[in-house]
Amino acid sequence: MPVEVNKEICIGCGACVDVCPVGALQLNEEDGKAESDETICIDCGACMGTCPMEAISQK
């Protein structure tokens with residue numbers, strides 16, 4: 001299952017973006033928060049372990 005970002009918790013640090021091996025995460029230009037592209041996500045979990053706010057979970 002692809003990951004989901006809780007935008008209420010996300011601080012926009014970009015740690016998840018840096019660690020994603022397939023580029024499925026990016027920071028939204030409008031609010032600076034992370035967002036996931038479900039069509040690219042391979043559900044490896046790297047981002048979940050990297051997020052300092054625990055804002056990323058599996059759907």
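Reply: Let us begin with the word contact, which means that heavy atoms lie within 4.5 Å. This is a predicted model, and by that cut-off Asn28 is in contact with Lys7, Lys33 and Glu35, once its neighbours within four places in sequence are left aside.

Me: Where does Asn28 lie, and why is Asn28 called buried?

Reply: Asn28 lies in the loop between β2 and β3, the latter being residues 34-36. Buried means under 20% relative accessible area, and Asn28 has 18%, so it is called buried.

Me: What makes the approach of Asn28 and Glu35 a polar contact?

Reply: The cut-off for such a pair of N or O atoms is 3.5 Å, and the side chains of Asn28 and Glu35 are joined at 3.0 Å, so the pair counts as a polar contact. The side chain of Asn28 also reaches the backbone nitrogen of Asp31, at 3.2 Å. As for its place in space, Asn28 is 16 residues from Gly12 in sequence, and their C-alpha atoms are 8.7 Å apart.

Me: How many helices and strands does the chain have, and in what order do the elements run?

Reply: The chain has two helices and four strands, and from the N terminus on they follow the order β-α-β-β-α-β.

Me: Why is the chain called as compact as a globular protein of its length?

Reply: The globule rule gives 10 Å for 59 residues, and the radius of gyration of the chain is 10 Å, close to that value, so the chain is as compact as a globular protein of that length. Along its principal axes the C-alpha trace spans about 25 × 20 × 20 Å, and 25% of the 59 residues count as buried.

Me: How many disulfides are there in the whole structure, and how do you know that Cys10 is in none?

Reply: A search of the whole structure finds zero disulfides. A disulfide needs two cysteine sulfur atoms within 2.5 Å, whereas the cysteine sulfur nearest to that of Cys10, in Cys16, is 6.3 Å away, and Cys10 is therefore in no disulfide. Cys10 has a relative accessible area of 9%, and so it is buried.

Me: Why is the sulfur of Cys51 too far from the closest cysteine sulfur for a bond?

Reply: The closest cysteine sulfur belongs to Cys13 and is 6.1 Å from that of Cys51, which is too far for a bond when set against the 2.5 Å cut-off. Cys51 has 14% relative accessibility, and so it counts as buried.

Me: Which residues of the largest nonpolar core touch the most other members?

Reply: Of its 13 residues, Val5, Cys16, Leu25, Cys47 and Ile56 touch the most other members. Taking Leu25 as an example, and leaving aside its neighbours within four places in sequence, we find it in contact with Val5, Cys16, Val17, Cys20, Glu35, Ser36 and Cys47. In soluble globular proteins, nonpolar side chains tend to be buried together.

Me: What makes Pro21 count as exposed?

Reply: Exposed means over 50% relative accessible area, and Pro21 has 56%, so it counts as exposed. Pro21 lies in the loop between α1 (15-19) and β2 (25-27), and, leaving aside its neighbours within four places in sequence, it is in contact with Ile42 and Cys44. The C-alpha atoms of Pro21 and Cys41, which are 20 residues apart along the chain, are separated by 9.2 Å.

Me: What is the phi of Asp43, and what is the phi of Glu54?

Reply: Asp43, in the loop between β3 and α2 (46-50), has a phi near 60°, a positive value in a residue other than glycine. Glu54, in the loop between α2 and β4 (56-58), has a phi near 55°, again a positive value in a residue other than glycine.

How values were computed:
Residues numbered from 1 in each chain as written. Predicted model: local features only at pLDDT ≥ 70, side-chain atom pairs only at ≥ 80, totals over all residues. Heavy atoms only, no water. Rg over C-alpha atoms; globule rule 2.2 N^0.38 Å. Buried < 20%, exposed > 50% of the residue type's maximum accessible area, 1.4 Å probe, protein only. Polar contact = N/O pair within 3.5 Å; in protein donor to acceptor, adjacent residues only side chain to side chain. Core = buried A, V, L, I, M, F, W, Y, C linked by side-chain atoms within 4.5 Å.
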